[in-house]
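Open the model in your viewer and keep the selection panel at hand. Each stop below says what to select and what is there.

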Amino acid sequence: MTGETQRKYRADYQPPAYLVDTVELDFDIASDHTRVRATYSVRRNPDAPDASQWRLDGRDMSFVSAAIDGRALAADEYRLHDDALIIANPPSAFTLTVENTIDPEHNLSLEGFYRSGDILCTQCEANGFSRITYFPDRPDVMARYTTRISADAGEYPVLLANGNCVQQGGLDDGRHYAVFEDPYAKPCYLFAMVAGDLGMIRDSYTTTSGRVVDLRLYTEHGNEDQCHHAMASLKQAMAWDEDTYGLEYDLDSYVTVAVGSFNMGAMENKGLNVFNTACIFARADTATDSDFALVRDVVAHEYFHNYTGNRVTCRDWFQLSLKEGLTVYREHQFAIDQGSPGVTRIRQVRAMREIQFPEDGGPRAHPVRPDSYVEMNNFYTITVYEKGGEVIRMIAQMAGREAFIAAVCHYLDKHDGQAVTIEDFVVAMEESTGLDLAQFRHWYAQAGTPRVRVTTSFDQGRLQLTLAQHTPATPGQADKPLFDIPVEVALFDSAGAAVREPEVLRLNDAEKTWTFDGFADEPTVSALRGFTAPVRLEYDQHEQALARLMAHDSDPVCRWDAAQALYLKTLVADVESRREGGAAVTAPELLFEAIETLLDHPPADLELLAEMLTLPSEAMLGEQFDTMDIFAIDAARRDLKQAIATRFAARFEALADTHAAEQAYAFDVAEAGRRRVLALALDYLAAIEAPGIAARAARLYESADNMTDRMAALETLRDLQSPERDRVLTDFAGQWAEYPLVMDKWLRLQATTRRDDSVEHVRGLLADSRFDFTNPNRIRALLGGFVRGNRVGFHRADGAGYALIADEILRLDGLNPQLAAALAGMLTNWARHVPAQAEGMRAALARIAAADLSHNSREIVATGLEYAEAG
Ligand code: B3K
Ligand code: ZN
């Protein structure tokens with residue numbers, strides 16, 4: 001824990017005083033510590049104004065020695081701080097050798113060099129390299145690396161680092177070594193090494209130009225058969241990047257290592273990705289359809305980083321979206337091309353609305369390119385990633401697909417091997433496409449979700465459509481400039497036929513009106529088709545129009561959105577009425593008719609049917625209010641669900657019957673859609689405790705050959721008081737005890753079960769031997785599951801849920817600050833809740849703030865509490 005916290009500003013950027021051309025690392029892994037010897041060839045940076053000293057970052061390690069050109073430095077030639085080694089008046093070109101020791105066995109922060117089970121591995125982004133050795137830990141210092149690792153051959157038969165293995169052999173005392181050379185200059189955040197006793201699957205990929213790439217995927221022994229889907233996904237991604245962007249992989253091998261303890265999903269280290277097992281393992285009986293999709297997309301994302309991130313990287317961490325936004329966009333397009341484009345896009349839109357919009361409207365709102373930070377790891381946010389991806393999507397859309405692809409290639413050529421800025425990217429886009437992105441640049445600089453109000457008038461066959469924009473203030477940015485917002489619009493007649501083809505309207509003023517002529521009757525407007533811009537649409541569309549769009553719109557996003565809007569009308573009115581002490585508001589007949597039409601004429605894509613029949617989430621419903629009442633939201637949603645289930649019980653029974661499995665598990669669009677519809681039907685039937693539902697779910701659990709159906713059965717049973725429920729849950733825990741990721745599903749099921757004593761139940765599980773407080777996946781399943789998936793339990797009126805989370809954040813902060821800070825983030829939006837809930841959340845934050853915190857958690861908690869003063 002560090003006392004001092006320093007805020008860093010984007011505007012303060014200075015080029016590095018010294019450049020490093022080559023890095024030679026020598027790791028000597030022993031049982032009680034690892035000895036590191038680093039040799040750098042260094043030269044003064046001609047572009048740096050001040051070269052009077054050279055700062056090498058380094059923390060949580062023991063310094064041994066430093067030498068320049070082989071001569072050990074005297075005590076007055078360097079200064080050693082908690083977080084740096086500073087060398088005074090270095091020569092203009094020299095070789096520096098530094099020696100230090102580190103202790104991976106006791107590093108529970110999961111950054112730097114650490115142990116995960118039988119594997120020793122690294123995680124360097126954003127600043128983990130400075131927990132390995134002394135080095136300027138900033139992405140604009142790029143060097144070519146040679147890495148030598150020596151370790152006990154019995155305990156660590158597999159040794160890996162970035163690049164090609166150029167030498168290996170035996171040593172005395174049962175030890176061995178290996179040397180790796182990475183031919184590409186890289187920033188230190190892309191450094192990786194691994195040592196362990198690992199199982200492996202192997203394949204190869206031949207690029208279009210005929211290069212044969214050796215593909216290896218390592219994991220702890222016994223898990224190899226859970227890795228084939230990841231391997232197949234990697235090959236799909238490699239082919240996609242060649243077909244779409246003409247980008248071929250550039251090394252002889254692509255190695256992936258899956259580890260059980262990892263703070264996030266995966267890491268794109270050059271030629272040596274390290275992954276969370278949760279983003280690699282997928283076997284039909286252990287992983288759901290969503291897991292299969294997650295693995296496919298994360299594997300692709302990390303692969304795509306090889307160009308957008310590794311070959312061209314970020315100058316400083318404020319530019320993070322340069323690589324993340326662009327790579328998210330590429331991942332999204334890849335996912336869309338794998339089938340079911342509409343539903344894939346709907347999922348992307350939902351993440352924006354349910355997670356990014358709240359971030360953008362809360363105390364932690366920040367631009368896609370932030371202006372300052374205390375702890376960089378707190379800025380790997382959905383804004384930098386997903387909103388960053390949406391910003392790229394808008395550019396792609398304005399340019400047109402081919403011109404955009406050409407522009408990305410121009411950017412990659414122009415800046416190959418460099419560390420650059422978002423501005424450099426935008427300039428490259430302008431150069432190649434001819435677009436003028438002057439006003440568009442606000443998307444990078446301004447936080448907050450623009451609101452676009454739609455109004456129409458119809459007179460004498462003429463439709464006037466007015467779009468007006470307004471962006472509410474966000475912390476530190478009171479006045480917002482006008483955005484350049486592409487809004488795709490189409491018009492339909494009352495029979496659902498298109499009377500105006502889709503067209504992109506550019507709203508680049510406060511307000512603009514478009515006129516469409518020649519209609520006999522007022523057409524129905526389908527707006528923001530495909531979610532062409534990350535904005536909140538304010539359009540009070542008539543229920544009849546929504547029903548029409550729901551039945552006929554050719555854009556799946558708008559079809560789904562019309563259904564959502566129709567549900568929301570009832571839900572919002574019901575929540576408001578309850579809060580004012582009024583009677584519950586029931587759904588209009590029109591809503592049931594619209595559902596009936598949908599059931600009678602379902603879309604070909606069954607996943608779209610399931611999406612359209614799924615009520616807006618609690619998060620989505622909460623977003624409709626300035627201050628949300630969790631209990632009113634829960635009640636309204638439950639009531640509507642029951643009303644729909646009651647009305648269509650027979651239809652749901654029939655859907656469940658006709659969508660039962662008829663073949664062995666396959667992860668494809670048709671089968672995943674069928675399973676979604678089955679799960680949805682069971683979920684509605686469980687909501688009204690339909691006769692025989694528990695037995696039906698138990699039968700599904702027993703007969704299923706896959707985890708998707710089994711989880712559907714478990715979720716159906718979760719809140720039912722039935723002997724089947726307990727029997728099935730016990731069976732599940734017994735059967736999968738040796739599969740930690742499956743046990744995470746079990747933990748999550750427990751955490752999300754609706755029960756009066758859910759807080760106490762979660763506390764009990766925290767003490768269960770099947771839980772492990774040092775593993776992020778376990779924590780995310782149990783505590784993340786509880787906070788996000790059990791809102792009624794978490795917001796319990798006596799504040800016990802808030803107390804639980806505060807206790808666990810305080811306990812975790814000393815071990816894993818990154819994860820503790822992420823949990824603390826779940827309390828920061830307190831001011832968006834009604835006073836009874838807001839006060840308890842704020843008090844929990846204040847209690848956390850009173851402790852001696854890591855700067856990770858300190859930054860989050862302080863931001864959350866500042867909101868108190870502002871709000
Ligand atoms: N670049 C990594 C994330 C690093 C997070 C550091 N706290 C994975 C990714 O975005 O692909
Ligand atoms: Zn990424």
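Start with the open sheet of 4 strands, in the order E10-E11-E17-E13, with antiparallel pairing. Strands here are DSSP runs of E with at least two residues, and helices are runs of H or I with at least four, both numbered from the N terminus. Two strands pair if DSSP finds at least two bridges between them. Colour the edges next: strand E10 (112–116) and strand E13 (158–161) each pair on one side only. From one strand to the next, the twist averages 15°. The axes behind that angle are lines fitted to C-alpha atoms, for helices over the stretch in contact, and angles run from 0 to 180 degrees between N-to-C directions.

Before moving on, note the ground rules. This is a predicted model, in which local features need pLDDT of at least 70 and side-chain atom pairs count only at pLDDT 80 or more, while totals for chains, interfaces and linings use all residues. Residues are numbered from 1 along each chain as its sequence is written, chains are lettered from A and ligands numbered from 1 in the order in which they are written, and side-chain values use heavy atoms, with hydrogens and water left out.

Stay on E13. It pairs with strand E17 (residues 193–196) in the antiparallel sense, over 4 bridges. Select valine 158: its bridge partner in E17 is glycine 196.

Now select strand E2 (residues 18–29) and strand E3 (residues 34–44). They run antiparallel, joined by 11 bridges. A hairpin of 4 residues connects E2 to E3. Show tyrosine 18; arginine 44 in E3 stands opposite. E3 also runs antiparallel to strand E9 (residues 93–102), with 10 bridges between them. There, alanine 38 has valine 98 in E9 as its bridge partner.

Next, the metal. Which residues are the protein donors of the zinc ion (ligand 2)? Select His301 (NE2), His305 (NE2) and Glu324 (OE), which lie 1.9 to 2.1 Å from the zinc ion. Donors are N, O and S atoms within 2.8 Å of the metal (3.2 Å for Na, K and Ca); water is not among the atoms, so sites may look incomplete. Along the chain, the donors follow the spacing H-x3-H-x18-E. Histidine 301 and histidine 305 are both buried. Buried means under 20% relative accessible area, exposed over 50%, and partly exposed in between (1.4 Å probe, protein chains only).

A polar side-chain atom of histidine 301 lies 3.1 Å from an oxygen atom of ligand 1. For glutamate 302, a side-chain N or O atom is 2.8 Å from a ligand 1 oxygen. For tyrosine 385, the distance from a polar side-chain atom to an oxygen atom of ligand 1 is 2.5 Å. A polar contact is a pair of N or O atoms within 3.5 Å; within protein, one must be able to donate a hydrogen and the other to accept it, and residues adjacent in sequence count only if both atoms are side-chain atoms.

Jump to proline 370, in the loop between helix H4 (341–360) and strand E24 (372–373). Why does proline 370 count as buried? Because its relative accessibility is 4%.

Finish at helix H25 (residues 817–824), where 7 of the 8 residues are buried. Among them are Pro817, Leu819 and Leu823.
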